[in-house]
Structures are given as C-alpha cells and as structure tokens.
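Have the sequence and the model open side by side.

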Amino acid sequence: METTEVLLSSVQMARFVARGSLRLDAVVPAAMNAEALAVLAAGVPDVPYGTPVAEAYPGGSFARRLLELPQVAGALRSLVGPEPWVDHHAVHVREPHGGEAQPLHGDAIIDVRPDAFDVQLMYYPQDVTLEMGGTLSVPGSHLRRTNESDTGRYQNLRGQDRLVCPAGTVVFLHHGLWHGGRRNDSDTVRYMFKIRFNPRVRQRLLWDASDLHDPQVDAELDATFPWYEWATGRLERYNRVLLWRELTGDSGYDLDHWVTRVSNRPKETVA
C-alpha cells in the first residue's frame with residue numbers, strides 16, 4: 001500500500017503487548033463512515049485465505065481506502081509489517097433488539113507461537129453506545145493458552161471492556177484476545193467490519209522505535225489487570241517479556257528478572 005503512514009511508538013507497541021489491543025478513536029472521516037453503511041449493508045465479497053492486501057482489495061475500493069488511512073496504515077505496518085496476507089474478513093450486523101451475546105472466545109485454536117501473531121482489525125462506522133452491544137474484550141488475556149471458546153463459560157470478568165466509541169473507530173486485536181459481540185438492545189442496526197491479517201515478515205522493530213528506552217515502555221509491559229490471579233498474573237508478564245524480546249531483538253530484556261531467573265544455566269562450578 002503506497003500511502004503516508006503514522007507508525008506506532010514503542011510505548012504504543014508495549015501497550016498492545018500488555019493489553020492485546022490498540023484502539024484508534026474516530027480516525028475514519030465522517031464521509032467514509034456514511035459511505036460504509038451502504039457498503040457493509042450490501043456485503044463485502046469473500047477472498048481466499050492468504051490473499052495479499054493489494055489483491056484482496058482493489059485500489060479505490062472502500063476497504064482499500066480504509067487501510068490506506070495514515071493512522072490505520074501505520075498501525076497495521078507496525079504490528080504485522082508490509083503487505084500482510086488477508087486471512088479472512090466479515091461484516092457483522094446486529095439488528096435492533098436482536099441477536100444474542102457471543103460466548104467469550106479467542107479467534108484461534110491453541111496458538112503457541114512465541115514469536116509471531118496475527119491481528120484483527122475491527123472498524124465501527126457508527127457511534128456505538130452501551131445499548132448497541134459493542135464488542136466486549138478482556139484486557140491482557142491474549143497470551144493465555146486457550147482453545148477458541150474454552151472461555152465461553154465465563155460471563156463477566158473484572159476489568160473487562162465493553163466497547164463504547166465514536167463513529168470511525170478502528171480497533172486492532174491480537175488473535176488470542178478473549179472477546180465477544182454483545183446483544184444489540186438499541187433501536188439502531190449496528191455494523192462492524194473485521195479483517196484478520198497474517199504477517200509475511202518477521203515482526204521485529206516494525207514501528208517507530210525512537211522511544212524504545214522510554215521508561216513508560218516498562219510501565220506498560222508491567223501492567224496488571226483486575227481479573228488476574230496472583231500467580232498466573234505474574235506468568236502473563238513473563239509471557240509479555242518473551243514476546244517483547246522477540247519484537248525488539250533484545251534477548252536480555254526483562255521485568256524484575258521474571259525470565260532471567262528461569263533461563264539461568266550456569267556453565268562453571270564455583271569453587
């Protein structure tokens with residue numbers, strides 16, 4: 001995609017690694033949001049798995065113009081790199097006073113990749129109120145190994161986020177983040193367009209890393225969330241360290257020695 005891109009900062013990337021999501025409020029212009037309602041109501045034709053973006057969405061198409069918006073393009077490049085594959089896309093429509101809440105789920109079978117991840121873009125062309133049933137997600141759940149809807153029996157978790165947002169908001173999710181659409185209890189049809197992307201390059205320092213050593217990076221990576229248990233909450237931070245090492249190429253990065261102490265392999269005997 002040939003477009004001006006606003007790359008993410010290291011602080012934003014660290015927040016994504018910790019939370020499993022990145023939210024860009026009202027980044028799509030009002031005219032495009034108005035156009036989207038007709039486009040999404042008509043449906044977006046499917047594309048085969050593994051189709052490059054340039055082939056999936058021809059130049060000038062609504063989806064292509066959405067992806068070429070500077071902040072959207074920059075976030076996508078920062079997360080998965082140039083010319084990712086389209087895994088799949090879908091238009092989600094919630095009719096007024098209709099539908100059921102989705103079970104809490106991640107969009108993958110057990111995915112043990114420690115050095116890569118897919119991202120899912122979710123675009124909301126309308127103002128989403130609480131009554132409209134925006135996507136619910138659980139911050140910091142993405143690195144816990146579960147299989148799709150194993151988490152569906154959980155109804156509410158402390159610190160969960162029920163999306164309320166202005167029109168033109170785009171959210172990027174790590175493929176493992178627990179989430180689910182809510183029931184629409186409003187009088188308005190609610191639309192959401194999602195695209196899942198697969199990286200084609202190693203996801204290493206793809207963003208603007210000029211602030212890599214900003215203390216706020218450590219603060220973001222060390223965040224805790226209200227639903228965490230005491231012991232496994234520490235394991236979540238451990239897994240973040242592993243992912244951050246892969247994303248930066250810094251094999252010595254750590255938080256409070258979480259990874260260092262369990263990877264220590266002495267080679268000499270101390271006299």
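A salt bridge here is a side-chain nitrogen of Lys or Arg within 4 Å of a carboxyl oxygen of Asp or Glu. This is a predicted model, where local features need pLDDT of at least 70, side-chain atom pairs count only at pLDDT 80 or more, and totals for chains, interfaces and linings use all residues. Residues are numbered from 1 along each chain as its sequence is written, and side-chain values use heavy atoms, with hydrogens and water left out.

Q: What is the N to O distance in the salt bridge of Asp25 and Arg23?
A: Side chains of opposite charge can pair when their charged atoms come close. Asp25 and Arg23 make such a salt bridge, and its N to O distance is 2.5 Å.

Q: Is Asp25 buried, partly exposed or exposed?
A: Buried means under 20% relative accessible area, exposed means over 50%, and partly exposed is in between (1.4 Å probe, protein chains only). Asp25 has a relative accessible area of 38%, so the label for it is partly exposed.

Q: Which helices hold Arg15 and Glu220?
A: Helices (H or I, at least four residues) and strands (E, at least two) are DSSP runs, numbered from the N terminus. Arg15 and Glu220 form a salt bridge, with their closest N and O atoms 2.9 Å apart. The two are 205 residues apart, so this pair links distant parts of the chain: Arg15 sits in helix H1 and Glu220 in helix H6.

Q: Is Glu220 buried or exposed?
A: Its partner Arg15 is partly exposed at 31% relative accessibility. Glu220 comes out at 12%, so it counts as buried.

Q: How many residues apart in sequence are Arg65 and Glu35?
A: Arg65 and Glu35 form a salt bridge, their closest N and O atoms being 2.5 Å apart. Arg65 belongs to helix H4 and Glu35 to helix H2, so the bridge ties together parts whose separation in sequence is 30 residues.

Q: How many residues of strand S4 are buried?
A: In a regular strand the side chains alternate between the two faces of the sheet. In S4, Val119, Leu121 and Tyr123 are buried on one side, and Gln120, Met122 and Tyr124 are buried on the other. For S4 (residues 119-124), the buried count is six of six.

Q: Which residue of S9 stands opposite Tyr123?
A: Two strands pair if DSSP finds at least two bridges between them. S4 pairs with strand S9 (residues 190-198) in the antiparallel sense over five bridges. Opposite Tyr123 stands Phe193.
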